[in-house]
Amino acid sequence: MAFLRRIQRSDFIYYFFRDPVAYISFFILLALFVSAFAAPLIAPHNPYDPTTIDIMDSELPPVWSSEGSARFLLGTDDMGRDMLSTMLYGMRISIIIGLGAVFLQAAIGIVVGLLSGYIRRLDAILMRIADVQLSFSTYMIAIFIGATFQMMFGVANYEKIAAPLLIFIIGLAEWPQYARTVRASVLAERRKEYVEAARVIGLSRLRIMWRHILPNTLSPVLVISTVQVANAIMSEAALSFLGLGMPQNKPSLGSLITSGFEYIFSGTWWITIFPGILLVVLVLVINLLGDWIRDYLNPKLYKG
Amino acid sequence: MDPLVLVSIRNLVKRFDITGGWLDQFRFSGGKISKERTVVRAVNGVSIDVAQGETVSVVGESGCGKSTLARTVMGLYPAEEGEVYYKNTRIDNLSEAQRQPFRARMQMVFQDPYASLNPRMTLGEILREPIRFHQPKLDKGAVAEKVALVMEQVGIDPDWHTRYPHELSGGQRQRISIARALTVEPEFIVADEPIAALDVSIQAQILNLMMDLQEQNNLTYLFISHDLSVVEHISKRVAVMYLGSMCELAQAEELFQRPRHPYTQALLSAIPKLGKAASHEKLTGDVPSPINLPPGCVFHTRCRHANDRCRLEIPQLLTVEGGTQVACHGVEEGRL
Amino acid sequence: MDKLLTINNLNVDFTLRSTTLRAVNNVSLSVNKSERLGIVGESGAGKSVLGFSIINLISKPGRIASGTVMLQGEEISSYTYEQMRQIRGNRISMIFQDPMMTLNPVLTIGEQMRETINAHASMSAADVDAICLEKLRKVYIPSPEKRLDQYPHEFSGGMRQRIIIAISLLTNPSLIIADEPTTALDVTIQAEIMDLLLELCETEHMGLILITHDLAVVSQVTQRIAVMYAGSIVEQGATEQLITNPQHPYTKGLLGALPQRASRDGRLNQIPGVMPGLAKIPEGCSFRNRCSLAADICLTQPVLEEKTSGSQVACHMVK
């Protein structure tokens with residue numbers, strides 16, 4: 001109750017509904033999330049069920065062109081799967097990988113950032129590890145790990161572990177972003193007198209870090225999280241495009257784009273373009289929302 | 001040691017190394033690379049005995065080391081040299097666990113009422129935390145009772161325990177800060193400029209509150225301030241610091257009537273007095289950097305009475321009549 | 001006497017969401033030529049907003065709702081931005097609390113001073129430098145020739161505030177508005193800066209509006225004092241008069257709260273409660289919730305009028 005009252009009294013809702021970019025982005029994102037996670041209920045076909053797929057339906061154009069079929073609203077792909085259903089299922093995979101990777105990044109990054117910001121002895125070593133990590137590009141790590149796993153387990157087994165592996169790769173590659181942000185906040189917070197007051201009481205370091213410093217560093221974490229979710233979804237799409245992401249029988253938005261790319265010059269444009277548009281819209285609304293949250297949390301920028 | 005002495009600070013030295021990483025230690029000068037460290041000498045051999053039930057104020061301008069002294073006494077900074085005793089027990093070299101019982105007896109009130117309360121905790125959470133930590137056996141009801149009691153003591157409605165600090169004014173926050181210190185029933189409170197950030201009319205409220213609490217709870221204060229006029233009425237004794245050294249330590253009345261050290265005199269005359277035309281003793285020049293302390297008396301660069309001896313020899317504290325301790329060659333030689 | 005600045009019934013509003021808050025409430029003030037006026041009040045009393053509104057530097061969401069500001073007979077409150085630019089830093093200079101915020105850290109002192117002159121006049125580089133040096137000497141900066149090429153961080157806090165005063169003198173203004181000019185400085189430095197301001201006002205025949213929370217400082221420097229509370233002026237009068245014989249209960253309380261006025265047993269006289277925020281100013285007399293004299297009549301707003309003591313007081317209970 002107290003929490004609800006706080007929200008009601010805060011400016012959050014007020015400023016949110018005054019900014020059309022904020023609420024339009026939010027509602028688009030909400031619609032995308034709901035349709036992605038409700039895909040088994042709302043999608044007209046199940047692209048994972050081979051019995052419902054007929055190869056004879058392959059490469060049918062969208063419903064509004066002359067050769068289109070009413071059964072397939074946005075046409076079909078090269079295997080005869082309904083584009084709309086495959087995209088919804090694919091978006092669900094993309095979002096799960098994006099959120100999962102960011103969760104992992106945040107978990108590692110927050111712990112490392114807290115430790116290196118508050119316990120100064122650990123700072124040099126932890127931040128150098130982060131620097132080394134950042135000097136490898138995400139794709140390099142992903143290609144290396146992905147290729148190794150494909151060799152070790154074979155392509156068939158790789159398909160089973162593709163989603164968790166992508167979460168692991170993208171999560172591992174980007175944690176230094178969180179570590180640096182959190183560390184910078186911790187360095188600012190630890191000088192404040194409430195931290196000294198906690199030390200005067202005699203609280204342990206762990207409790208001071210967890211109970212006092214961490215809650216006060218979460219605003220920037222929230223801001224970069226939105227950007228990082230968008231980045232992770234893009235990374236996954238890029239890796240899938242390179243053939244190191246989700247397999248064709250369980251496609252994410254990225255692998256859908258790839259699979260259609262071979263046919264784009266033969267006039268079968270819809271297999272690439274529709275998932276492409278969906279990816280762009282998804283990433284765009286997340287970024288717009290992230291920008292809005294950043295501005296809201298930093299009123300100096302916002303109210304000018 | 002005098003049994004009435006509660007806290008004894010002896011020859012305390014605190015330095016801060018601000019060199020940074022090891023690469024920053026190398027200096028290139030005169031064609032040679034040398035390794036050196038940049039050290040801020042914040043407190044240089046300060047001794048004060050604080051007796052049970054009294055208020056000792058430490059006064060000085062920014063950068064004189066008064067806040068560092070306070071934090072070193074509280075164990076927030078380790079001391080480089082010197083000792084701190086609490087009722088004859090040496091506490092500056094204790095481990096965190098050994099120090100725990102003293103944490104409940106010594107508390108601190110901070111300067112900035114906007115930074116000293118965790119913005120993400122309610123007043124109740126802020127006040128419950130120290131009680132739960134130091135008396136883990138207390139049940140929920142007893143803790144709540146105690147929180148309500150200290151809130152009442154500092155003049156805040158106990159019903160406000162669900163509020164957050166940002167809903168309070170500066171003076172109210174400072175009351176909560178004091179209440180937090182009181183929750184563990186301390187005997188000794190270090191107050192680091194507790195009223196410097198407050199408005200005049202609120203300053204008076206907080207000072208009065210602190211004096212009332214001292215009477216009710218038999219508290220001993222070490223009161224840090226940059227403003228001499230504030231400490232006149234609340235302190236029994238006043239110590240004046242300049243650049244990490246103590247210039248003068250005297251009974252409050254004595255210090256305001258007969259300041260001995262030239263710096264104390266300048267500080268006193270600089271206090272703006274209501275309606276009276278300014279007739280203060282002018283100090284020339286700036287405060288030297290605590291990184292390169294001037295040799296001899298640290299005040300000689302701004303002192304009108306400085307002679308060659310002041311520029312070379314560090315003056316020692318000397319007890320003169322009236323019990324005042326003063327560190328000045330001029331006073332010792334009788335020329336001031 | 002010649003009026004330098006006249007403020008008539010000035011109201012400044014801040015609009016947040018849909019509520020409008022009045023930060024400066026019906027303030028009328030005047031400053032004579034080379035007169036020094038102090039505006040005293042606690043934080044949130046509206047004294048800084050008043051200072052900014054004189055030179056029309058109120059930023060959104062604040063705005064001047066009504067009232068006029070006249071500088072030497074010209075109504076400057078209706079000036080355009082461009083016209084106002086010719087007034088600001090030229091005929092009226094402003095000095096702020098934090099010298100480090102006012103000086104640009106990446107420009108040398110000389111560059112910042114020349115820039116100010118060039119913004120308001122065109123003259124040869126040698127003449128500009130001569131003026132800069134002259135003003136630096138006026139504020140007692142030793143060896144100003146060398147100092148011109150230094151950056152703000154090479155100066156101490158007190159020196160920086162002197163430089164800011166020197167910059168404010170560059171265009172020979174007729175009025176200086178100093179907003180808490182010594183609050184960030186140590187007492188000994190504060191005393192020096194105040195002496196300097198006083199001396200310059202006398203030698204340069206400038207008017208001064210000193211905005212501060214410190215009654216003692218203001219009483220040493222100014223000839224007249226206006227006390228602000230919750231956006232309104234509650235008492236205004238000659239310094240000597242106001243300090244020795246305060247009329248308004250708030251002024252009395254403020255003076256009594258000073259440590260120098262503490263009673264024998266060490267207790268300070270305190271005003272109960274806190275100044276209300278702008279959204280919670282009570283109707284009628286804004287001070288009545290904290291006032292020991294408050295009566296039914298205080299539910300109507302008192303007007304600022306001359307009382308028998310000679311000061312102007314906004315209080316029903318003062319004869």
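In the predicted model, the loop between α11 (249-256) and β11 (305-306) of chain C holds Val274(C). This residue is partly exposed, because 19 other C-beta atoms lie within 10 Å, whereas a buried residue needs 20 or more. Leu255(C) lies 19 residues away from Val274(C) along the chain, and the C-alpha atoms of the two are separated by 16 Å. When neighbours within four places in sequence are left aside, Val274(C) is in contact with Ser169(B), Gly171(B) and Ile202(B).

The contact between chain B and chain C takes 35 residues from chain B and 35 residues from chain C. On the side of chain B that touches chain C, at least two residues are supplied by each of α6 (200-217), α7 (228-231) and α9 (262-270) of chain B. The largest share of this side comes from α6(B), with 9 residues. By residue class, the side of chain B that touches chain C divides into 16 nonpolar, 12 polar and 7 charged residues.

Chain A was described separately. Its secondary structure consists of 13 helices and 0 strands. Along the principal axes, the C-alpha atoms of chain A fill a box of roughly 75 × 50 × 35 Å. Chain A has 304 residues, of which 41% count as buried. Among the contacts in chain A between residues at least 6 apart in sequence, 69% join residues at least 24 apart.

Conventions. Residues numbered from 1 in each chain as written. Chains lettered and ligands numbered in written order. Predicted model: local features only at pLDDT ≥ 70, side-chain atom pairs only at ≥ 80, totals over all residues. Contact = placed C-beta atoms within 7 Å. Helix = DSSP H or I, 4+ residues; strand = E, 2+ residues; numbered from the N terminus. Nonpolar A, V, L, I, M, F, W, Y, C, P; charged D, E, K, R; others polar. Buried ≥ 20, exposed ≤ 12 C-beta atoms within 10 Å, placed from the backbone.
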